[in-house]
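Hi,

Here is the structure I promised to pass on. Have a look at it, and my notes on the salt bridges follow below.

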Amino acid sequence: MPLLKPLFVRLAPAPLALMVLATTAVFARPADRAPVHRAGGRIEGTVEISSALSTRRTVFRIYSDPGLGAVPSASRDPAAAELHNVVLYLEGDPEQLHASAARLESRRHGSMAQHDERFVPHVLPVVQGATVDFPNEDDVYHNVFSLSAAAGPKGFDLGRYPKGTSRSFTFARAGTVQVFCHIHSDMSAVVLVLPNPYFASPEDDHHFVIDDVPEGDYTLVAWHERIKPIMRRIHVVAGQTTPADFNIPLPQGEKSSR
């Protein structure tokens, strides 16, 4: 034994230290401790449209002969069309509403076609800095322009261009951009430029989802061009779903702006 004791003293410190650290780590770590990367939460709900919201005014064609865009299509469901013109988006601390590069990139490009002498879609939500294409799919010339402040100090005017061609504009400012055509006065649309990529529009079944939202407190906004935005405070928890349902009414006596 006297011969073994010095050997034990000489070798013991390193193995014993490792054993102590390992044992401490096992007892210090809860079995259900969350991983380092925390998933975001989900906001999910439905949107109902009041029947009055789908009412349309008579369309008058001033600067051109009547065409497809001058007569409302019987095949279009007005209520369904208005449903797609609703945008749900989040307002909150920009630092808190951070997003991955991939998510931002997916929101930085959009397309609004000129089809049947209408802008399609009528409402296009994009993230600030996005470039939007305006392809002409009609057999007539079109023009795309805006004088909205959110489109810049002088707005923009893409000029006249024929079928099969397209022009683009980059929206550097957040805000609501009203879009028109110089040639067809009844054509109008909205590009809603938002400061973060957490937004959605309802599907045909009235259902919407905003995924991967960082945990925190926010204002969820339901936007439609003909009403005052409806705002609701919500709390998002990582890994959980926050429900949010909206009814979009048109104030009594207000007429369609389209």
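Arg226 and Glu82 pair up through their side chains in a salt bridge, with 3.2 Å from N to O. The two come from distant parts of the chain, 144 residues apart: Arg226 is in the loop between β15 (216-223) and β16 (230-236), while Glu82 belongs to helix α3 (residues 78-83). Keep in mind that this is a predicted model.

Are these two partners buried or exposed? Arg226 has 4% relative accessibility, so it counts as buried, the cut-off being under 20%. Glu82 is buried too, at 0%.

Next, have a look at Asp139, which makes a salt bridge with Lys163; their closest N and O atoms are 3.0 Å apart. Asp139 sits in the loop between β7 (131-135) and β8 (142-146), and Lys163 in the loop between β9 (156-161) and β10 (166-170), so this pair ties together parts 24 residues apart in sequence. Asp139 is exposed, with 68% relative accessibility, whereas Lys163 is partly exposed at 48%.

Then there is Arg42, whose salt bridge with Glu44 has its closest N and O atoms 3.6 Å apart. Arg42 is partly exposed, with a relative accessible area of 30%, and Glu44 is partly exposed as well, at 24%. Which residues are linked in a network of salt bridges? That would be Arg42, Glu44 and Asp211.

In total, the count comes to 4 salt bridges. As for why such pairs turn up, side chains of opposite charge can pair when their charged atoms come close.

Cheers

Conventions
Residues numbered from 1 in each chain as written. Predicted model: local features only at pLDDT ≥ 70, side-chain atom pairs only at ≥ 80, totals over all residues. Heavy atoms only, no water. Buried < 20%, exposed > 50% of the residue type's maximum accessible area, 1.4 Å probe, protein only. Helix = DSSP H or I, 4+ residues; strand = E, 2+ residues; numbered from the N terminus.
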